[in-house]
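This report describes the packing of selected helices and the local backbone geometry of selected residues. The structure is shown first, and the description follows.

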Amino acid sequence: MNLNRGEERKSSETAGLPREKKDTGREAAVVKEKGRTSSWLGIAITGAGVGAAYSREQKEKSENTGELSIRVLLTDSGQQSYYHSSVTLQQNGEEYTYTPDSPEIQNDALLLKGGAEGIAVTSITRAQKPPVYYGTLEIKKTDQGLLLINELPLETYLKGVVPSEMPASYEEQALMAQAVCARTYAICQIEEKSLEEEYGADVDDSVNYQVYGNFPADEKIDKAVQETKGMIMCQNGKPVTAYYFSTSAGQTSTDEIWGTDKAAAYLKSVECEFDQNMPWSNWKVTIPWDTLEERTADLEGAGSLKDLQVVKKSASGAVTGLEIVTEKDPIELNGEYEIREFLSPAGLSITEKDGTQVKGGSLLPSAYFDLTTEAGQEVQIQGKGYGHGVGMSQNGANEMAKEGYTWQEILAYFFQNITFETVPS
């Protein structure tokens, strides 16, 4: 998610997407009556506070800290791979470098305790220079290279996620809403176990899940995490997948844009005028015809590019069907991610609402667009919003907070029929 231009950063903008859909994340909510619990993840979730019990599995995971923990797989500097050719770190004033040949990791993983000062990993490049990790750092040898896993308390993890997903300058209530989204999303990933079997982790630190450790901790964000400690969004006693994105196209969408037969019960499409003065609320970009011809040539069964046509849009206006007309058979791309990838403005300039030009990335800013083709010359795209458009608009949340909305009201606006409950932390 690309947020306000003055503090521009890329964040997950796809939080909660199905794994294969990742690029680079609510009706009045009702707090359940005190004492009512529901079983999920082996943890008792309570609607009114604390004292919930851990499952045996979670006790084992957090036995070193006494808190619910999360295991984060750290990517390389380009965040393109989980494997590291070497790891250099600084701890207690000393520098250490480990390679697959280091004797310390030949028979078992090396486990390092971060302590109060944490461990700085200088072999990884992040906006925070260098990134510092708390809890424990595990270095594990594999045939492909070294794996680096940071295990730490969930609440400490959130203090590294929220500043990487939302600028600390944002309103307090927006930061609190973001903290609840991030916590809810993390809890879902701990349960999903998508990385556990192969890597022994719950999430990674990139846009594939939630960006973690890119920006350093901040006192204002620490406060937002602390004041919402343990709070998550649930429906029928189960955590929802807390999607969020940067800027809306004037209306949010549901997970229908990813091809679901029926939208999740906690999602709804709502008008969102709060963020319509943001730079990304309107944008335009021109893509050279040659660029799109090269991408078409990579598609199976395609011939020379003849035309592009929008053939399907979601109820909220996102393009979910793009026909690529070739000299052979036409090819249809379905789903907002595939379409945004094909129309990537990488290496091009995008003009924002106020005329500012910014560098394009690997995905079109959003799937809310119209296009005009000039065969053999170029494709002009006029679009709205930044991100997938599902769930909470981060810029919308910040503008709502400026108008006096609480974090509960913000989340209840973007998600339907949710309850706020607590998990042990």
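In this predicted model, the axes of helix α3 (residues 172-192) and α5 come within 8 Å and cross at roughly 60 degrees. The crossing of α3 past α5 is right-handed. On the α3 side the contact is formed by E172, L175, M176, A179 and R183, and on the α5 side by K220, I221, K223, A224, V225 and E227. Classified by residue type, the contact of α3 with α5 comprises six nonpolar and five charged residues, with no polar ones.

Helix α3 has 21 residues and spans 30 Å from its first C-alpha to its last, close to the 30 Å expected at 1.5 Å a residue. The helix is mostly covered, with 17 of its 21 residues buried. An α-helix has 3.6 residues a turn, so residues three or four places apart point the same way.

Helix α3 also packs against helix α9 (residues 407-414), at an angle of about 60 degrees and with the axes 8 Å apart. Helices α3 and α9 are therefore oblique to each other, and their crossing is right-handed. The residues that meet are Q173, A174, M176, A177, V180 and C181 in α3 and W407, I410 and L411 in α9. This contact of α3 with α9 divides into eight nonpolar residues, one polar residue and no charged residues. M176 of α3 takes part in the contact with α5 and also in the contact with α9.

Which residues does T184 touch, leaving aside those up to four places away in sequence? T184, a residue of helix α3, touches I232, M233, P239, V240 and A242. T184 has a relative accessible area of 0% and is buried; the cut-off for this class is under 20%. Just after α3, K193 takes a positive phi of about 60 degrees.

**Helix α5 and helix α2**

Helix α5 (residues 219-227) also meets helix α2 (residues 154-165), where the axes come within 9 Å and cross at roughly 130 degrees. That makes α2 oblique to α5, and α2 passes α5 in a right-handed crossing. The contact is made by E155, L158, K159, V162 and P163 of α2 together with I221, D222 and V225 of α5. By class, the residues of the contact of α2 with α5 are five nonpolar and three charged, with none polar. I221 and V225 of α5 contribute to this contact with α2, and I221 and V225 also belong to the contact with α3.

| Helix pair | Axis separation | Crossing angle |
|---|---|---|
| α2 and α5 | within 9 Å | roughly 130 degrees |
| α3 and α5 | within 8 Å | roughly 60 degrees |
| α3 and α9 | 8 Å | about 60 degrees |

**A buried strand residue**

I139 is part of strand β9 (residues 136-142). Is I139 buried or exposed? With a relative accessibility of 0%, I139 counts as buried. Leaving out residues up to four places away in sequence, I139 touches V87, L89, Y98, I105, A109, L110, L112, L146, L147 and L148. I139 and T99 lie 40 residues apart in sequence, and their C-alpha atoms are 9.7 Å apart in space.

**Backbone geometry in the loops**

Most residues other than glycine have a negative phi, and most peptide bonds are trans. The following residues depart from that pattern.

The peptide bond from K129 to P130 is cis, with omega near -15 degrees. P130 is located in the loop between β7 (119-121) and β8 (132-133).

N92 has a positive phi, near 55 degrees, and sits in the loop between β4 (87-91) and β5 (94-98). N92 counts as exposed at 71% relative accessibility, given that exposed means over 50%.

N417 likewise has a positive phi, near 50 degrees. N417 lies in the loop between α9 and β24 (419-422). The relative accessible area of N417 is 43%, which makes N417 partly exposed.

Note on methods: Residues are numbered from 1 along each chain as its sequence is written. This is a predicted model: local features need pLDDT of at least 70, side-chain atom pairs count only at pLDDT 80 or more; totals for chains, interfaces and linings use all residues. Side-chain values use heavy atoms; hydrogens and water are left out. Axes are lines fitted to C-alpha atoms, for helices over the stretch in contact, and angles run from 0 to 180 degrees between N-to-C directions. Helices (H or I, at least four residues) and strands (E, at least two) are DSSP runs, numbered from the N terminus. Angles under 35 degrees count as roughly parallel, over 145 as roughly antiparallel, 65 to 115 as roughly perpendicular and the rest as oblique. A crossing is left-handed if the near helix is turned anticlockwise from the far one by less than a right angle, and right-handed if clockwise. Contact means heavy atoms within 4.5 Å. Ala, Val, Leu, Ile, Met, Phe, Trp, Tyr, Cys and Pro count as nonpolar, Asp, Glu, Lys and Arg as charged, and the others, Gly among them, as polar. The expected span of a helix is 1.5 Å times one less than its number of residues. Buried means under 20% relative accessible area, exposed over 50%, partly exposed in between (1.4 Å probe, protein chains only).
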